[in-house]
Amino acid sequence: MYDKTYDMDKRKLLSALSHGSIFFSLLGISIGIPIAILLVSDDPVVKDNAKEALNFHLNVWLYGIIFGILTWVLIGFLLLGILQIVNLVMPTLAILHCLSNTEQPYRYPFIFRLL
């Protein structure tokens, strides 16, 4: 599907960095890294991973806002806890996928893809 002329180590590093950027706490850094990688890289797998990471970031923020509002009816606290677990597990799985399978971009399940 993708051309194999790209540097696999660079592909692994940039793809893993795109998904792992969500672990940086500063908002500008966590979303800025995948955007920068998307703009700089010419590797189609890296670009797809950066887009997927951005989509995941946007979904986490959207759900965080919705669940934050739902704390007024108390169910939001449980949902925010579940969101935090998902926020830790899913990017970790994405990083492991990027490091082990460099030929295919990782696709997060159950997210809205805006990009």
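This is a predicted model: local features need pLDDT of at least 70, side-chain atom pairs count only at pLDDT 80 or more; totals for chains, interfaces and linings use all residues.
Two packed helices are described by the angle between their axes and the distance between the axes. Helix 1, which spans residues 8-20, packs with helix 3 at an angle of about 10 degrees, and their axes lie 8 Å apart. Because angles under 35 degrees count as roughly parallel, helix 1 is roughly parallel to helix 3. On the side of helix 1 the contact is made by R11, L14, S15, S18 and H19, which meet V45, V46, N49, A50, E52, A53 and H57 in helix 3. Sorted by class, this contact of helix 1 with helix 3 holds five nonpolar, five polar and two charged residues.

Helix 3 (residues 44-69) also packs with helix 4 (residues 75-100), here at an angle of about 170 degrees and with the axes 9 Å apart. Angles over 145 degrees count as roughly antiparallel, and therefore helix 3 is roughly antiparallel to helix 4. From helix 3, the residues N49, F56, V60, Y63, G64, F67 and G68 meet G76, L79, L80, L83, V86, N87, M90, P91 and C98 in helix 4. The contact of helix 3 with helix 4 has 11 nonpolar, five polar and no charged residues.

Helix 3 and helix 4 each also supply at least two residues of the lining of the largest pocket, in which about 210 Å³ of space lies. Its lining consists of 14 residues, and those nearest the centre of the pocket are Y63, L83, V86, F110 and I111. By class, the lining comprises 13 nonpolar residues, one polar residue and no charged residues.

Definitions and conventions:
Residues are numbered from 1 along each chain as its sequence is written. Side-chain values use heavy atoms; hydrogens and water are left out. Axes are lines fitted to C-alpha atoms, for helices over the stretch in contact, and angles run from 0 to 180 degrees between N-to-C directions. Helices (H or I, at least four residues) and strands (E, at least two) are DSSP runs, numbered from the N terminus. Angles under 35 degrees count as roughly parallel, over 145 as roughly antiparallel, 65 to 115 as roughly perpendicular and the rest as oblique. Contact means heavy atoms within 4.5 Å. Ala, Val, Leu, Ile, Met, Phe, Trp, Tyr, Cys and Pro count as nonpolar, Asp, Glu, Lys and Arg as charged, and the others, Gly among them, as polar. On a 1 Å grid over the protein atoms alone, a cavity is a set of points where a 1.4 Å probe fits but cannot get out, and a pocket is an open set with protein on both sides within 12 Å along at least five of seven lines; lining residues have an atom within 4 Å of a point. Grid points are joined across faces, edges and corners, and a volume is the space filled by probe spheres set on the points.
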